[in-house]
Amino acid sequence: MQLTIDDKQVTAEQGQTLLEVARAHDIPIPTLCYHESLEARGSCRLCLVEIRKPKWPGWKRLVASCVYPAEEGLEVRTATEEIVGIRKTLIDLLLARCPKNPEIVELARAYGIEQTSYAVLDATRQCILCGQCVRVCEDIIGASAIGMYGRGAGKKVGPAYGKAAETCIGCGACAFVCPTRCIQVIDEGLTRRIPRWNVEFELVPCRICGKPVSTRKHIDFVRGRVSAGPEVLETCSDCLRAYYGAKVAAEGHM
Ligand code: SF4
Ligand code: SF4
Ligand code: FES
């Protein structure tokens, strides 16, 4: 199908969202609560765009581009004065919540905001409560080690009652999807710590090169779900690639 984004004619596949179409054509739209590996929820509203339909003159709507499906003939604008104004207000509020988080500070600067105009309750906060860590842990990993607790200003993300996340396997997927990069995964020797969830793990060294592969708990968790032995699960991706590359090359010369 054909539509326009910022007056540029673009092609979209059935089922693609406006954000996916824009990204496929290098048209930037800011996002915070979106990650390719998770189902979009449209909660941060930063990716708002304006849509118009030529068959309905004068009609327009603001929609979250990460959840709105592409439609034939749609006219999309990604940075009207109204949209930029709304984004600035949202970013100003995020900056009040996390005034020292480098990702939020950088986003604010890109919109010309050096300081928040709202009251800062706690300058040490780094989390915007987007819930992506909780979703990846539950929906993709299946560990359900962390959750959202409390209400209003007291709302928090983490393990129950602030204790150690007992079912955490130390996979690091939560850190991978966190938009503010506030979940640290610290590997030292053969120990991994994730201070935010109060957990520490033994790391398993690669059977070939000795480089840490993952945590013992993560490897055991995967072993219970797939039929693979230690020659695969306890070998790092580099050594696995080298092994299979050499095998394919050898078989190709037979
Ligand atoms: S590191 Fe722990 S909390 Fe994070 S996704 Fe993996 S299991 Fe869940
Ligand atoms: S820790 Fe990161 S991913 Fe989790 S809710 Fe906070 S900002 Fe979102
Ligand atoms: S990226 Fe947050 S609403 Fe779309």
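Reader: Hi! What should I know about the model and the numbering before we start?
Author: The model is predicted, and local features need pLDDT of at least 70, side-chain atom pairs count only at pLDDT 80 or more, while totals for chains, interfaces and linings use all residues. Residues are numbered from 1 along each chain as its sequence is written, and chains are lettered from A and ligands numbered from 1 in the order in which they are written.

Reader: New topic: where is Gly-142?
Author: Gly-142 lies in the loop between α4 and β6 (147-149). Helices (H or I, at least four residues) and strands (E, at least two) are DSSP runs, numbered from the N terminus.

Reader: Is Gly-142 buried or exposed, and why?
Author: Exposed, because Gly-142 has 11 C-beta neighbours inside 10 Å. The cut-offs, with C-beta atoms placed from the backbone, are 20 or more others within 10 Å for buried, 12 or fewer for exposed, and partly exposed in between.

Reader: How far apart are Gly-142 and Cys-168?
Author: They are 26 residues apart in sequence and 9.9 Å apart in space, C-alpha to C-alpha.

Reader: Last one: how many helices and strands does the protein chain have?
Author: The protein chain has eight helices and eleven strands.
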